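Hello,

Here is the structure I said I would pass on. Please look through it first, then read the notes below.

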Amino acid sequence: MAFADYDITAYGQMLVHRARIDAYVSAIRAAVRPGDVVMDLGTGTGFMALIACQCGAGRVYAVEPSEGIALAEQAARDNGCAERITFLRARSSQVTLPEKCDVLISDLRGATPCFSTHLSDLMDVRARLLKPGARWICQTDTLFVSVTDLPREQDRIFHQWDGARWNLDLSSALPLASQQPVRRRAEPHELLGEPQAWARIAYPALASPHVRGTTRQRIARAGTAHGLVIWFDVELFGGARYSNAPGQASGPYSPVFFPWPRALDLQPADEVEIGLDAVASGHDYWWRWTARVVRTGATEPAATFNQSTFHAQTIARADIAASAPQHPPTLSPAGEEARFLLARMDGKTSQAALAAALRAQFPDRFRDEDAAFARVSEIRRAFGGR
């Protein structure tokens, strides 16, 4: 069974990534004091909550919106910690606590720290759920970038839209494909210059969910540049560290390759001016990356790239019209089903009764009781209480 973005195999892989897990264990042991109230935000399998209990935490609030929390609850029972850990299956923005916390544990990154609502959630938790001066396990993330020589990755991005083998022209997708970053393990020999820091996230003082930065990289060796690769170095409480930099042992997070629309031959002493913007929008981020390539002795740039994940979106004309402020929206058939069920989820009517009512109301949409019950279960998981 999958737990949100992770399945049991992925959770296991996170535990065996020694650099990351050893750094977290060291930081938790340095931060947690006997009797502390601890929040473990995104507890997953509950491993870090258990380590906090080993360190003498008096109470741990383990927050996890996915079904994986059931595994964490069992692990707490197996390790004699169930009385000290309160499990909350919810997003942190939906959580209220009877007390404020001394310590915050979190590891909500994806391929970068700019992941889903990670940074917004941390600011909300600090404002509502932490004591002043609370100890944060995550202290800083420093984000790095380098121009990179990754011909196979760029070829893969563009080659998949080569329709010649079917005698078709699929080239209309190419402008979109070049606007979409991809996860890609990178090696130090694939970097064309000394890595440059472009942003630093100081978690206890976090003031914005947006991350922006610029830098300039001097090319160290001749090569063909295909885009940028970015990664992060983590500093935890007490000085523990880990990184997903090129050349590091494989772990749960891979660097991210930001392709250029075309390859460019570079020489030593050429310089590339780089800009990166990660702008929070709802439950995701829009990325923008720019590059201005300056040849040694030249007065004009050899190339200028201005790219964004916004331009990778495929938007139908009907969707553009429907997004206008003056457009009066209507419910889809799925929306009508959801409205029908939500109006009847009163804490008294059973799911079997709801499924029967749903099928009676929409007889053409549900072939049998199992299909109607599955729809009830779907709406319960999305909007129901526990």
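Which residue in β4 stands opposite Met 39? The residue is Tyr 61.

Some ground rules before the rest. This is a predicted model, in which local features need pLDDT of at least 70 and side-chain atom pairs count only at pLDDT 80 or more, while totals for chains, interfaces and linings use all residues. Residues are numbered from 1 along each chain as its sequence is written, and side-chain values use heavy atoms, with hydrogens and water left out.

Helices (H or I, at least four residues) and strands (E, at least two) are DSSP runs, numbered from the N terminus. Two strands pair if DSSP finds at least two bridges between them.

The open sheet

Met 39 and Tyr 61 face each other across β3 (residues 37-41) and β4 (residues 59-63), two parallel strands joined by five bridges. They belong to an open sheet of five strands, paired in parallel, in the order β5-β4-β3-β6-β7. β5 (85-88) and β7 (130-136) are at the edges with a single partner strand each, so one side of each has no neighbour in the sheet. From one strand to the next, the twist averages 25 degrees. Helix α5 (residues 118-129) packs on this sheet and touches β3, β6 (101-106) and β7; contact means heavy atoms within 4.5 Å. The direction of α5 makes about 135 degrees with that of β7. Such angles run from 0 to 180 degrees between N-to-C directions, with axes fitted to C-alpha atoms, for helices over the stretch in contact.

A buried helix and a buried loop residue

Helix α3 (residues 47-54) is largely enclosed by the rest of the structure, because six of its eight residues are buried. Buried means under 20% relative accessible area, with a 1.4 Å probe and protein chains only. Among the elements covering those residues are α2 (18-31), α4 (69-78) and β5. After α3 comes Gly 56, with a positive phi near 100 degrees.

Gly 56 is also one of the residues touched by Asp 36, which sits in the loop between α2 and β3. Asp 36 counts as buried because its relative accessibility is 7%. A polar atom of its side chain lies 2.7 Å from the backbone nitrogen of Arg 33.

The hairpin

β15 (residues 271-281) and β16 (residues 284-294) pair antiparallel over 11 bridges. They form a hairpin with two residues between them, and Gly 282 in the turn has a positive phi of about 65 degrees.

Regards

Conventions: Buried < 20%, exposed > 50% of the residue type's maximum accessible area, 1.4 Å probe, protein only. Polar contact = N/O pair within 3.5 Å; in protein donor to acceptor, adjacent residues only side chain to side chain. Lists of a residue's contacts leave out its neighbours within four places in sequence.
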